[in-house]
Each structure stands twice: as structure tokens, then as C-alpha cells.
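Thank you all for coming; I would like to walk you slowly through one model this morning. Please keep the sequence and the picture in view while I talk.

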Amino acid sequence: MTTLRPAARTDAPALAAALMRNRAHMRPWDPYRPESFYTAEGQAERLADPDVRRWLCVDGDLVVGQFTLTGIVLGPLCSASLGYWIDAGYTGRGLATDCVEQICRTAREELGLHRVEASTMLHNHASQRVLAKAGFEEYGLAPRYLHIDGEWRDHRLFQRILHDGPPDGVPGRAPAPGRPR
């Protein structure tokens, strides 16, 4: 049975092993990564970044996916960017959709975010289906958005509006549960 849980620095070896195991699977979708990215030390550095929220999808002790919120901005924007991947042996089971929905709940309830955005390469139909099933709407096209697989690639842009209330601290809105006033 798979579960989604916050990543910890101690997950670095298992995460590095998962990334190595899925290197060829993710090559068409990922930017260039130096060899150090695929090591426990490289992943420990990434897991220590306080500006990124990370969750792991695990099957027992096996890491089978990762979900991140980056570029978290509060105040009047209250937004973040979502990134994710699922192990090649676990695709097509609805895991990504379930995990994206859980991340969106956390983004709203714990972080107080208003929206989450995501992008996919034009031909990544599987990821576009995940986002659509999780309530994301396409809102644009970003030409030459990311350098992937040797070229600048166009991406479809998606967003999910999590609520329409004002940001924390604005009159008329109570803080998100677990967030200080």
C-alpha cells in the first residue's frame, strides 16, 4: 500500500535510489541533472532546502514518487508551483492524481495558499490528465519555458484555485488551521 508523507533528510539514500532507478523513465521530462543529483549526498542537500516543501509517495520503504511545492509566495498572491513524478512501475494507478489532491489540501489548509500552478510539456498527456482529474485548469502556453532534453521546450500552464477568500491577515479571513494569527 502506498502512502504520501513529508520528506525528511534521512530519506536521501532511498530517494537517490528511486531517482537512479527512474532516470531513463524521467529523461524526456526532466532538465539536465549533474551526476551528483543522483547521489544520497546530492539529495540530502536538496532535502535540506527550507524554501521547498517535499513529500514522498512510498510503498513500504521504497520511494515511488516525489511531490514538491516551490516558489511559495504568501501575501496577496498566496501561490506555489507544483512538481511531481511517479516511479515507472507505479504509473497508471491513480497515485499521482491522489497525491496531487492531497498536496492541494495541504496547500490550502496548512499553508493558506489561494492557488497552485503546474506546467507540462505539450506532449505530456499523462501529466495533463493527472492535473485535469485533480481540478487544475489550463490557462496558457509558455513558449520555450524550460530547457529539457537538449532544447527549450514549450509548456502548457495549469492552475487550481483552492479558495476565493482573502489571504491570511486580511479582514474577513481567519488564519488557515495550524497557522499563527
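Let me begin with Ser-127, which sits in helix α5, residues 125–133, where helices are DSSP runs of H or I of at least four residues, strands are runs of E of at least two, and both are numbered from the N terminus. This is a predicted model, in which local features need pLDDT of at least 70 and side-chain atom pairs count only at pLDDT 80 or more, while totals for chains, interfaces and linings use all residues. Residues are numbered from 1 along each chain as its sequence is written, and side-chain values use heavy atoms, with hydrogens and water left out.

Is Ser-127 buried or exposed? Its relative accessible area is 12%, so Ser-127 counts as buried, given that buried means under 20%, exposed over 50% and partly exposed in between, with a 1.4 Å probe and protein chains only. The side chain of Ser-127 makes a polar contact with the side chain of Tyr-84, at 2.5 Å; a polar contact is a pair of N or O atoms within 3.5 Å, and within protein one must be able to donate a hydrogen and the other to accept it, with residues adjacent in sequence counting only if both atoms are side-chain atoms. If we set aside neighbours within four places in sequence, Ser-127 is in contact with Tyr-84 and Thr-120, contact meaning heavy atoms within 4.5 Å.

Now to a pair of helices. The axes of helix α1, residues 12–21, and helix α3, residues 40–47, come within 8 Å and cross at roughly 115°; these axes are lines fitted to C-alpha atoms, for helices over the stretch in contact, and the angles run from 0 to 180 degrees between N-to-C directions. Which residues make the contact? From α1 they are Ala-12, Pro-13, Leu-15, Ala-16 and Leu-19, and from α3 they are Ala-40, Gln-43, Ala-44 and Leu-47.

Staying with helix α3, its buried residues are Gly-42, Gln-43, Ala-44 and Leu-47, and what covers them includes α1 and strand β2, residues 53–59. Gln-43 has a relative accessibility of 0%, and therefore counts as buried; not counting residues up to four places away in sequence, Gln-43 touches Ala-12, Leu-15, Ala-16, Leu-19 and Phe-37. Leu-47 is also buried, with a relative accessible area of 15%. The C-alpha atoms of Leu-47 and Ala-8 are separated by 6.7 Å, although these residues are 39 residues apart along the chain. Beyond its neighbours within four places in sequence, Leu-47 is in contact with Ala-7, Ala-8, Arg-9, Asp-11, Ala-12, Leu-15 and Arg-54.

I will finish with two loop residues. Most residues other than glycine have a negative phi. Cys-78, however, has a positive phi of about 50° although it is not a glycine, and it lies in the loop between β3, residues 62–73, and β4, residues 79–86. Asp-149, likewise not a glycine, has a positive phi near 50°, and its place is in the loop between β6, residues 137–148, and β7, residues 151–161. As for accessibility, Cys-78 is buried, with a relative accessible area of 5%, whereas Asp-149 is partly exposed, at 48%.
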